[in-house]
Amino acid sequence: MIKIFKNIFFLFLLAISLSSTAQVTSSSPYSQFGLGDLSGSLLPQNRAMGGLSMGVRKPGLYDNINLANPASYSTLELTTFDVGASMDIRQLSKGGVSGKRQFNSTLSHIAFGVPVNKFSAVSFGLVPYSDLGYQFMNSGLVDTSKVNYIYGGEGGMSKAYLGYGFKINKNLSLGFNFAYLFGSLKQTRAFEFVNEATTAFNSRTQYSNSVGGLSYDYALQYTGEISSKTKFILGYSGNSGHSLNSKSNIVTTRYRKDVEMEELAAADSTYFAEGTKTKITMPLTHTAGFAFEKTNAWLFGADFTYSRWSDYREGSTNPGLNDSYGVIVGGQFTPDPNSVSSYFKLMDYRLGVKYDKTFVKIGNNDINQYALNFGFGFPLPRNRSSFYKINLAAEVGQRGTEKNNLVRDRYVNIHLGFTLNDKWFQKTYID
């Protein structure tokens, strides 16, 4: 038992260290709004179904951790461990001109689920919350001098959570997640002369924000029987909004470039503000959905999400974000989870589609997102009481459009996870 706890503690520390040194995992100009691109509290098995989660409890023989609806923790019968990584391939285009493909990768999650008794379980872990990463430039004139306005950002936020789910009766389950959100967000704005780069002073302002705070989610699931093997599940998850603490540093420097256009050391700082503290007010969010499921065979469902981002504030400032909503339709199919003649019949086949009206609006143009998701669950050979599965998910999507001089962001996200089910905490007796 002590060895198990040591391993858990080591893996948790490893995840924290990796998250603090992770690469930039987004390269989209749309990540500059709010706290960046929101990752969603989803493991690969849910992402492959478009993010379907509200009506997902235990769609198969394996226990899964459904972070998006903590009421589902009540189905855990074995200790469950899930760890994974993700990668992002992205290409931006504007005015018919496409940029280079950009590639990013990082550790994506580490999560544990531990049964407390037959009716409840706890879950804890570390998952990404948002990603900030972009670099773009606009050109202009100051008097008769050509100048470039350069914008950049990097960083992100992580979510360390502890949740509990329990059954009220055989039909109704409740759950909640307590979480601590933390991270660092850096954004820069530079003003550079083009023809006088080696003689004129350029200017750059960097905004560094350290953000942290508590969050609370609550959820429920109701299960009803259609027949002895078929059931429907209604699910809901909400967050009533919360505040995060932000501590920011702002520094403006002047610099020049050499004849090879390499940047020289900063000449001086013209402005510096340290430790400015503000409150970030997060929006109210609701997600509701349903699923129809045939035990150990198939699952199909849909989710709807609404977030009131118009209430988002940075201090007393409203950065102009809009209310968002999204729709997900997806499912899973397992031909025969007990097959001994074909491995392909043991596999999980997952598919989903989603649409998001994001909180970003540029001019009169809503920035919408569309995606097709698919994936597989690959069961591995069992070892006594241990069960293993590799989950692979891919998302092919687009955000924005080239119309009205906007940027189209096309991407492919790939998520890989390893799931372990085992009886770590079960007492054994010797006669």
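# Cavities, a pocket and paired strands

Q: By class, what residues does the lining of the largest cavity have?
A: In this predicted model, the lining of the largest cavity comprises six nonpolar, six polar and four charged residues.

Q: What volume does that largest cavity have?
A: The volume of the largest cavity is about 100 Å³.

Q: And which residues are closest to its centre?
A: The largest cavity is lined by 16 residues, and those closest to its centre are Gln45, Pro59, Asn64, Gln332 and Arg350. Two elements, α2 (44-47) and β16, each give two or more residues to this lining.

Q: How many cavities of 30 Å³ or more does the structure hold?
A: There are two cavities of 30 Å³ or more in the structure. The second largest cavity has a volume of about 40 Å³.

Q: Which residues line the second largest cavity?
A: The lining of the second largest cavity consists of Pro59, Gly60, Glu293, Lys294, Asn296, Ala297, Trp298, Leu299, Gln332 and Thr334. The elements that contribute two or more of its residues are β12 (285-294) and β13 (298-307). Divided by class, this lining has four nonpolar, four polar and two charged residues.

Q: Turning to pockets, what volume does the second largest pocket have?
A: The second largest pocket has a volume of about 850 Å³.

Q: Which residues lie nearest its centre?
A: Pro29, Tyr134, Gln135, Phe136 and Met137 lie nearest the centre of the second largest pocket, out of 38 residues that line it.

Q: Which element gives the largest share of that lining?
A: Strand β5 does, with six residues of the lining of the second largest pocket. At least two lining residues each come from β2 (79-94), β3 (97-98), β5 (120-142), β6 (145-167), β7 (172-193) and β8. Sorted by class, the lining residues of this pocket are 16 nonpolar, 16 polar and six charged.

Q: A new topic: where is the place of Asp217?
A: Asp217 belongs to strand β8, which covers residues 202-225.

Q: Is Asp217 buried or exposed, and why?
A: Asp217 counts as buried because its relative accessible area is 12%, and the cut-off for buried is under 20%.

Q: What is Asp217 in contact with, leaving aside its neighbours within four places in sequence?
A: Beyond those neighbours, Asp217 is in contact with Lys159, Gly175, Phe176, Asn177, Gly238 and Asn239. With Lys159, there is also a polar contact of 3.5 Å between the two side chains.

Q: On to the strands: how many bridges join β16 to β17?
A: Strand β16 (residues 348-362) and strand β17 (residues 365-383) run antiparallel and are joined by 12 bridges. Within this pair, Ile362 is placed opposite Asn365 of β17.

Q: Which residue takes a positive phi in the hairpin of β16 and β17?
A: Gly363 does, with a positive phi near 65°, in a hairpin that has two residues between the strands.

Q: How many bridges join β17 to β18?
A: There are 13 bridges between β17 and strand β18 (residues 386-399), and the two run antiparallel. In this pairing, Pro379 faces Lys389 of β18, while Phe378 stands opposite Ile390 in β18.

Q: What of the hairpin of β17 and β18: which residue takes a positive phi?
A: In that hairpin, with two residues between the strands, Arg384 has a positive phi near 55°.

Q: And in which sense do β18 and β19 pair?
A: β18 pairs with strand β19 (residues 408-422) in the antiparallel sense, over 13 bridges. One of the facing pairs is Gly397 with Tyr411 in β19.

Q: Stepping back, what does the secondary structure of the whole protein chain come to?
A: The protein chain has three helices and 19 strands.

Q: How many residues does the protein chain have, and what percentage count as buried?
A: The protein chain has 431 residues, of which 45% count as buried. Among contacts with a separation of 6 or more, 65% are between residues 24 or more positions apart.

Conventions: Residues numbered from 1 in each chain as written. Predicted model: local features only at pLDDT ≥ 70, side-chain atom pairs only at ≥ 80, totals over all residues. Heavy atoms only, no water. Helix = DSSP H or I, 4+ residues; strand = E, 2+ residues; numbered from the N terminus. Buried < 20%, exposed > 50% of the residue type's maximum accessible area, 1.4 Å probe, protein only. Polar contact = N/O pair within 3.5 Å; in protein donor to acceptor, adjacent residues only side chain to side chain. Contact = heavy atoms within 4.5 Å. Pairing = 2+ DSSP bridges. 1 Å grid on protein atoms, 1.4 Å probe; cavity = no way out; pocket = protein on both sides within 12 Å on 5 of 7 lines; lining within 4 Å. Points joined across faces, edges and corners; volume = space filled by probe spheres on them. Nonpolar A, V, L, I, M, F, W, Y, C, P; charged D, E, K, R; others polar.
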